[in-house]
Amino acid sequence: MENTKNPIIQLNKIWMAFNGVYVLKDIDFEIYPGEIHALIGENGAGKSTLAKIIGGIHQPKKGEIFLDGKPVKFTNPQQAIKNKIAVINQEPQVFPDLSIAESVFVNRLPGNRITGLVDWKKISQEASELFSSLNQEFDLRKKVGKLSIADRQMVDIANALSQGARVLLMDEVTASLTSNEVESLFKIIRDLKAKGSGIVFIGHRLEEVCSVADKVTILRDGELVANRIPPDTKMDKIIYFMVGREVKNLFIKTKHKPGKVLLQVNDLCSKDRFQHISFEVREKEIVCLAGLVGSGRTEIAESIYGIQPFDSGTIELEGKKINIRTPQDAIKHEVYYLPEDRQAHGLLMDWSILNNLSLSIIGLLAKLGFISAKRENALADEYISKMKITYRTVSQPVRFLSGGNQQKIVISKCLSTKPKVMILDEPTRGIDVSIKAEVHQMMNDLCESGVGILMISSDLPEVVAMSDRVIVMHEGSITGEFQGTDITPENIMFAAVGQYKEKITC
Amino acid sequence: MLKKSVLNNNKFFRLKIFGVRELGVVALIFLVILIVFLFQPQIVSQMSIRNMLQWFPIIALVAMGEMMIIITRGIDVSVGSNLCFSGLAVGLIFRDNPGFNPILGIGLAMLIGMGLGLFNGSIIAYLKIPPIVVTLAGLTAYRGMAFLLANGSQISANQIPTTILDISRIGPFNQNTITYLFIFIIIFGLITYVILNNTRIGRNIYVYGSNPDAALVRGLPIKKIILFIYGYTGALAGLAGILYMSRFGFVNPGQTGINFEIITITAVVLGGVSVYGGSGNIIGVLLAAFFLGVINISLSTVGLPHLWEDAIYGFIILATVTVDTIIKKFEDSR
């Protein structure tokens, strides 16, 4: 069945950048009718960005898109929808206040031929037929807000299917589905394929992906490293494609002898998010939580820091059980969390460098309830020189700084609290190489001073270079723990996709 | 294999007209009447149907539009000033042109109101300025325009066409309990009900309010939705200007429609429209408007000055949103 047909969608030399950092480089990609095309790669390899470009959510910087051989430019998702291109995201886009049936037809409610009024009878009938064909049993009057994530996902899928999508892009949709649900989803996908739809399936359970796909394409660091290879390619070859990059210019961490246990997490569970998580972080140690997006790493960090509650388990600090219900509690215990999304959680973008730096310890800077400008300036000077922050004036809003300098300020904020344990979530994402090395140097210095660091990172070279120990997560559970020479990209990726190396024989 | 649960039920999408919320408001109505009755038995005579049907319709009318706006997580605080400006503008036309067709006057007031509403809506839709800012500016600007337009005068009863005055005095039936004023509410209540439940634009209002980001991704015509709700509300405010003129026999920029937005929003919120967007239905809002009428009459029966009203409305808004939020948290945590 090799390409006797013409592609529905053809991407020609697509380049894409966010904030000056290229995330897709010179990508050629085709979607053929009647074909399931799997797209795989590490976190941040550019899979979702590619899907979003085809779905009209992002516009590429360079390159052309052809639909049925004609050049097209989608400036918004509506245009893609009109051309029967549907994108389904990992996070279902649902309307909690609507009934299931209405949600399915939300953007094209059928009208009565004579009155033009919404035809509820038709909606209920068609929705019920649609869900029957999906082999799903729902009370269609139920509000979507009352459904589980998996069921919401089904509603989202039903919506895309009901539009008779010619091209269906599924971005990690199976992450929250059970194996039965995945099976029925695959049946649907195969039916659609038989009817001539072109399907792009983005996934991270390699076995699952390879079982359904006709062709596999692999992205690494925004580049196409394997185009349309057969799905029965050996697993370790696929993993090699995903992670096998040249190692260059990497910071090599000085090894410190770990001291006493600082943070100890015992059997932490949170329904639907993570299960039975136990690990420890020692003095002068960098422990990395690795895994793919959605594996529960950030959720664990947020639970330790008191942003999200957990159901059972305990957290101990220096051997004493601590109760953390809010971030204030965590800071009181000298545990600090540096969130992944700097702009949303880490910084007040319109505030000055000075005010951002002093924010976390504003209480310490105050004299009789008034903030001492002298102390505030002294603090700012200390960190600006320590961190080599490039700036014009300290009153410059942080919005105008580069991503790397913003990250330095976020880290400085953490440091000003003099923490015992620091949790760094993707500390170098979106930062250019030179500043990355500085951030790594800072982490190294911190470690030396006795701080225990829990790092969450999707950047495998960084994980390998910086970690004393690596804990790998897959779908909310720990699937691997490595130290020393066992910390290799291959080992980590095998555990991250939910399998141990020994098991793979194909 | 079709699911039996769906196809056996012909009333599938018929909305539950009387939900828990509506029963709650009805209970409140009886509770207030009962309490007042214990102290002042003459509440029952004061509470004549005629009185009630005179009081709440103007609020209910504008609340029908305001509820659409609040469903989309927006707000319009300019309705009182809009009402005053539209009523005054048409009142001046009536004054200066004796014999001006009153039906035309009604249409004109609705057009003026709709114009002001669309102005608000287009700033909100195209410049993406928060509704509270835009309509707060409207609140003071439209009132100011009314003062300028009136130029120190006011419209009084002898300048208003009899047909207009009759709207709130007589009705289509022999006994004049059910006046045309009330008929207006029935008609617009039905129109609003059908818009909200049986038209695409109406359903889109709920969709947009329920998840604005997803609505954008799904390709919903968001600007059209915003223009529609503010335009519709403006038109209703314009009509309310005429009804106000009919009911009270005057239009005066210093008095007409003052604090009207607060009463309207109270009715909407008490009527079960979530301030978090996405839900609410018109029956609840109409009942809530009626309840505010009961409060109003109770105050005068008990002999409390009407100065109390504003404080009570504010309290009702706060209490309702507090209770709703607590219930929502409780439901989410289960």
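## Strands β14 and β15 of chain A

Strand β14 (residues 312-317) of chain A pairs with β15(A) in the antiparallel sense, over three bridges. Two strands count as paired if DSSP finds at least two bridges between them. Strands (E, at least two residues) and helices (H or I, at least four) are DSSP runs, numbered from the N terminus. L317(A) stands opposite K320(A) in β15(A).

This is a predicted model: local features need pLDDT of at least 70, side-chain atom pairs count only at pLDDT 80 or more, and totals for chains, interfaces and linings use all residues. Residues are numbered from 1 along each chain as its sequence is written, while chains are lettered from A and ligands numbered from 1 in the order in which they are written.

## The sheet and its helix

β14(A) and β15(A) belong to an open sheet of four strands, with antiparallel pairing and the order β12-β11-β14-β15 in chain A. Its edge strands are β12 (274-282) and β15 (320-322) of chain A, and each pairs on one side only. From one strand to the next, the twist averages 25°.

Helix α9 (residues 297-304) of chain A packs on the sheet. α9(A) touches β11 (261-270), β12 and β14 of chain A. Its direction makes about 115° with that of β11(A). Such angles run from 0 to 180 degrees between N-to-C directions, with axes fitted to C-alpha atoms, for helices over the stretch in contact. Contact means that the C-beta atoms of two residues, placed from the backbone, lie within 7 Å.

## Where chains A and B meet

The contact takes 25 residues from chain A and 23 residues from chain B. On the side of chain B, α1 (4-7), α11 (200-210) and α12 (212-217) give two or more residues. The largest share, five residues, comes from α11(B).

α11(B) is mostly covered, with nine of its eleven residues buried. Buried means that 20 or more other C-beta atoms, placed from the backbone, lie within 10 Å of the residue's own. Among the buried residues are R203(B), I205(B) and Y208(B). Their cover includes α3 (100-104) of chain A, together with α5 (57-71), α10 (180-198), α12 and α13 (222-248) of chain B.

## Chain A as a whole

Chain A has 18 helices and 22 strands. Its C-alpha atoms fill a box of roughly 75 × 55 × 45 Å, taken along the principal axes. Buried residues make up 46% of its 506 residues. Among contacts between residues at least 6 apart in sequence, 68% join residues at least 24 apart.

Note on methods
Buried ≥ 20, exposed ≤ 12 C-beta atoms within 10 Å, placed from the backbone.
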